[in-house]
Amino acid sequence: MIHLFLAGKRFTFGAFRPDPGRIFKKDTKMKKIRFAPSSLLILLVLAAFACKKLPEPAFSYEPAENPEAGEVITFVNETPEASSYIWDFGDGTNATDASPGHTFESAGNYTIKLSATNEDGEASHSESVTINEATVLGFLVADASGKFLLKMQKYWCTTTSPTGRP
């Protein structure tokens, strides 16, 4: 057991050594070691610089509400003090960008894992993300008599094609 005492302008460390039966006796001696306050300050500064600081991975994603299969999900890296990253999207794909975008092909629950590395080592953080089925929009166009003018066809619509076909 180690005790820290403040005695005048010097710090004193003391240690009790128990007997073999692990019972303290009243006459147990304490060995005192004295340090000047400046020596203790130097020890504290050295200890602070000797401590390793691993990265603390964190992330969010957009859209945060109701992400859907087929849409790009942007993962926003919120990890301070890291130099490299590895993302595991839980669907067999990976990325090394700081804040990647990713498209999940199908709905389901995915465990997203971000591993961050700095000069002191690597740390990871995982979160479960639910990807919903893609929203399907459909419409019918009819004239005044009720006759349908368009037939139902299956096309992916994009903003890059004026015809609405990929």
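Start by selecting Asn118, which lies in strand β9 (residues 108-118). Helices (H or I, at least four residues) and strands (E, at least two) are DSSP runs, numbered from the N terminus.

This is a predicted model: local features need pLDDT of at least 70, side-chain atom pairs count only at pLDDT 80 or more, and totals for chains, interfaces and linings use all residues. Residues are numbered from 1 along each chain as its sequence is written, and side-chain values use heavy atoms, with hydrogens and water left out.

**Stop 1: Asn118**

Is Asn118 buried or exposed? Asn118 is buried, with a relative accessible area of 8%. Buried means under 20% relative accessible area, exposed over 50%, and partly exposed in between (1.4 Å probe, protein chains only).

Now show what surrounds Asn118. Leave aside its neighbours within four places in sequence, and Asn118 is in contact with Lys53, Leu54, Pro55, Glu81, Ala82 and Ser83. Contact means heavy atoms within 4.5 Å.

Which backbone oxygen lies 2.9 Å from a polar atom of the Asn118 side chain? Select Lys53: the backbone oxygen is there. The side chain of Asn118 also reaches the backbone oxygen of Glu81, at 3.2 Å.

**Stop 2: Glu81**

Move on to Glu81. Glu81 sits in the loop between β5 and β6 (84-88). Check its backbone: phi is positive, about 55°, although Glu81 is not a glycine. Glu81 counts as exposed, at 58% relative accessibility.

**Stop 3: the loop between β4 and β5**

Next, select Pro63. Pro63 is in the loop between β4 (59-62) and β5 (72-77). Look at the peptide bond from Glu62 to Pro63: this bond is cis, with omega near 0°.

Stay in the loop between β4 and β5 and pick Asn66. What is the phi of Asn66 near? Phi is near 55°, a positive value in a residue other than glycine. Asn66 counts as exposed, at 54% relative accessibility.

**Last stop: the whole chain**

Zoom out and colour by secondary structure. The protein chain has one helix and 10 strands. Read along the sequence, the pattern is β-β-β-α-β-β-β-β-β-β-β.

Now colour by burial. Of the 166 residues in the protein chain, 19% are buried. Then show the surface. The protein chain exposes about 12,800 Å², and carbon and sulfur atoms supply 58% of it. These areas come from the Shrake-Rupley method with a 1.4 Å probe; for residues, only the protein chains shown count as cover.

Technical notes. A polar contact is a pair of N or O atoms within 3.5 Å; within protein, one must be able to donate a hydrogen and the other to accept it, and residues adjacent in sequence count only if both atoms are side-chain atoms.
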